[in-house]
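Biologist: I'm new to this one. Can you walk me through it?

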Amino acid sequence: MDEILHAPQNEFPLHRRRKGHSPTGAERVERFKEQFSKFREEAADCGRVLRLQGARVFHRAWSAVAGKPKLSPLPFLALSAVIGVAAVVGTVYTPSYVVTVDGADLGLVRSQSVFEQAMERVESRASEILGYDYQLAHTVSYAPALSGSGDLTPVADFENYLFNQISEITQGYVLSVDGQTVGAAADRATLDALLETLSAPYVNENTVSVGYTKNVHITKEYFPSDTQQDTASMLDMLTANTNGQTTYEVQQGDTFMALAFDNDMTMAEMEALNPDVDVDRLYIGQILNIKEEIPFLGVETIETHTYTEEIACPVREVEDSSMYQGDSAVLEAGVPGEALVTADVTYVNGVERERNVTSTTTVREATERVIAVGTKERPSWYPTGNYIWPVYGSITSRFGYRYIFGSYSYHSGLDIAVPYGTSIRASDGGTVSFAGWQGSYGYLVVIDHSNGEQTYYAHNSSLLVSTGDKVYQGQTIARAGSTGRSTGSHCHFEIRVNGTRVNPAAYLP
Ligand SMILES: [Zn+2]
């Protein structure tokens, strides 16, 4: 209660603190009332106290004569004479005022300004709490009295009394998040229970600590009486989602549309977050921005977990001059080891955010993995394993069934229309297994890529390679034409895997 006016600029020059038991404001007011009524009874008996109406006017007169810090006996006696009060010799009584608020005697002050300043401090503190200029509305009067030096009322008692009269302000416990008030309750347990309700779903037998993603405080203080005190509404505020953003690494098989769907976003929202991304061409490992719904207050828990983890095999490379550079072969696979790991894992609302390994114990060592790596220089004609387009042009017929020459037929490759004489390039390096005329293919080149795959280039006007030649990727092997069963200058391109025609579109970049 003494901490109502805890703002540092407030001082209590007349507030004498007693050592030992510190009575509450209400107790002190009661005690004073008892003392004061006793004093008044005594005063009435002896004629030592005279109460007057029009106290303010009287106060001014009195102040002019006697209201000095140290009252000399002479003016005091003069004053006593004026008001017709006899002073009892041997007892020190000094002039003071009885403060009456709304008809009730509150206490005794040396001067009116003591009480007026107390009112100002209460108004200032109330204004601070309420956020607007607050004015006390009391009827205050002062009646002169004589009192012993120990009879003056501690200023804090007045302040407590006045403050507790303000119905716009309540005392209790306030829950705040990053300085923002969420709500209040009469008792702390209500707010503790609220926070426990929030965190309970994320606490289990491995949980070693529970915290929050923002600064959460419960403080005992005065707050505006209209502050939220409904716990269900407070919980709603704490769990309300705010829009955030996170990133996602594209995995095999992901599509832009599927990712949008999975993350509860429209395509337009997804595109807006990823303006530089070609939605039709995602690649594995690409980082996309994803909308994330973050609750106003996240629960951060730390759990201790112990688990076994594989220890990767150490790799030893052995050079092999019989293999081409870039090629490798596993000589010994090795056996992974096993470790017992203890880690502190941090979660926010159950989603892992951080993992700190606190101890690792090797249960079984891993054995060495031995790999042979080629050192022989790779010839230029050696297949790269990736195909390039033999020519660039518009695709006039795709792989599969089509209607041509008056009937449906199966098209075994890709037709790419190009001007007569265009350079036809080897789609990958390899050995020319056929170069010559072959029926409906016209002038044909077949390249064997020595991995069970062959490429076919048909309808050429002329051939630039011969059977048995080694050709490198991109090497010009023929000129485009319309020989054989063909309706115009184009390149008929086929890929065969172990003799079976496959869709070239699936192999080309
Ligand atoms: Zn064709």
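Modeller: Two strands pair if DSSP finds at least two bridges between them. Helices (H or I, at least four residues) and strands (E, at least two) are DSSP runs, numbered from the N terminus. This is a predicted model, where local features need pLDDT of at least 70, side-chain atom pairs count only at pLDDT 80 or more, and totals for chains, interfaces and linings use all residues. Residues are numbered from 1 along each chain as its sequence is written.

Biologist: How many helices and strands does the protein have?

Modeller: Nine helices and 28 strands.

Biologist: What is the strand order in the open sheet of three strands?

Modeller: The order is β2-β1-β3, and the pairing is antiparallel.

Biologist: Which strands stand at the edges?

Modeller: β2 (104–109) and β3 (140–147); each has a single partner strand, so one side of each lacks a neighbour in the sheet. β1 (residues 94–101) pairs with β2 over five bridges, and T100 has D105 in β2 as its bridge partner.

Biologist: New topic. Which residues touch the most other members of the largest nonpolar core?

Modeller: L444, V445, Y457, I477 and C491, out of 25 residues. A nonpolar core is a set of buried Ala, Val, Leu, Ile, Met, Phe, Trp, Tyr and Cys residues joined through C-beta atoms within 7 Å. Buried means 20 or more other C-beta atoms, placed from the backbone, within 10 Å of the residue's own.

Biologist: Which element gives the most to this core?

Modeller: β22, with five residues. There is also a second, separate core of 22 residues, including Y93 and V114.

How values were computed:
A residue is buried if 20 or more other C-beta atoms lie within 10 Å of its own, exposed if 12 or fewer, and partly exposed in between; C-beta atoms are placed from the backbone.
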